[in-house]
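Let's take a look at the charged pairs in this one. Have the model open as you read.

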Amino acid sequence: MFVFLELIALLLLSSQNDFQKSRVINSTNVITGSFNTFFSSIGDYFFLNRANEQLIFENAQLHDRLQEVGIIPDSVFVHDTAYSFIPARVISNTTRGRNNYIMINRGRADGIEKEMGVISPLGVAGIIVEVSNHYATAMSLLHKDAKISARFKHNGQMVNVSWDGEDYRIGLLEDIPTHIVPNTGDTVITSGYSFVFPENLMLGVVGERVFKGGNLNKAELVFSTDFNNLYYVYVTKNNALEELDSLSVHLNDE
């Protein structure tokens with residue numbers, strides 16, 4: 001009641017006094033402007049989100065077109081016309097468990113299938129294992145069953161990349177021949193010897209620790225992908241998969 005009466009008093013005062021009227025109008029404008037700015041900021045935020053998704057989509061399309069004509073910019077993408085890239089947004093991601101997963105907002109309706117690769121703007125992230133109409137789940141590289149065929153960039157020597165379950169930033173290089181001495185900072189990339197990832201995608205760089213033992217050694221790998229900061233990713237689609245699978249089946253029959 002007090003507030004109601006105060007409002008009536010202010011209205012009467014402002015209606016009879018030009019100075020008070022201008023003060024009330026100015027105060028109202030400030031309040032209204034503040035609200036408009038607030039809601040405009042919210043609108044800008046959601047617009048920016050849509051704009052980012054559009055840019056990611058257009059970026060993937062651009063790389064596909066550049067690959068067709070043999071022009072590849074300096075990025076995580078590689079020159080391999082057998083592959084195209086489907087943009088997606090991460091809607092769920094874990095890094096703290098032994099077996100971690102990445103869920104994306106693209107599914108069967110968008111051309112996503114099992115055993116497609118998932119890459120971040122910085123490197124390899126995972127492999128698709130489950131697909132619904134509009135969503136898909138990838139087994140993160142931070143998983144006990146994840147193993148990626150890789151090689152050292154400077155000498156081409158084959159190795160495998162896995163994760164020991166300790167630090168989400170650190171992977172494990174396995175099956176290093178004893179005559180190969182990895183140096184800290186050596187770049188490790190995908191080998192291309194699978195139908196999931198094209199060759200030359202970044203996996204990371206050799207860390208400080210090397211583990212010697214037996215006929216093959218191991219080494220620490222600092223992942224290029226920041227698994228704790230995944231937001232937009234690309235799904236790698238092997239456009240020659242059906243043909244490659246048919247050859248594999250034929251070889252197995254022999």
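Is Arg209 buried, partly exposed or exposed? At 48% relative accessibility, Arg209 counts as partly exposed; the cut-offs are under 20% relative accessible area for buried, over 50% for exposed, and partly exposed in between (1.4 Å probe, protein chains only).

## Ground rules

This is a predicted model, so to speak of local features takes pLDDT of at least 70 and side-chain atom pairs count only at pLDDT 80 or more, while totals for chains, interfaces and linings use all residues. Residues are numbered from 1 along each chain as its sequence is written, and side-chain values use heavy atoms, with hydrogens and water left out.

## Arg209 and its partner

Arg209 pairs up with Glu220 in a salt bridge (a side-chain nitrogen of Lys or Arg within 4 Å of a carboxyl oxygen of Asp or Glu). Their closest N and O atoms sit 3.2 Å apart. The link joins distant parts of the chain, 11 residues apart: Arg209 is in strand S10 (residues 202-211) and Glu220 in strand S11. Strands are DSSP runs of E, at least two residues, numbered from the N terminus. Glu220 is buried, at 12%.

## The other bridges

Searching the whole structure turns up 5 salt bridges. One of them joins Lys218 to Glu174, with 3.8 Å between the closest N and O atoms. Lys218 belongs to strand S11 (residues 216-223) and Glu174 to strand S8 (residues 170-177), so this pair ties together parts 44 residues apart in sequence. Lys218 is partly exposed at 36%, whereas Glu174 is buried at 12%. Shared partners join Lys147, Glu174 and Lys218 into one network of salt bridges.

Then there's Arg169 with Asp167, at 2.9 Å between closest N and O atoms. Arg169 is partly exposed at 49%, and Asp167 is partly exposed at 24%.

How values were computed
Helices (H or I, at least four residues) and strands (E, at least two) are DSSP runs, numbered from the N terminus.
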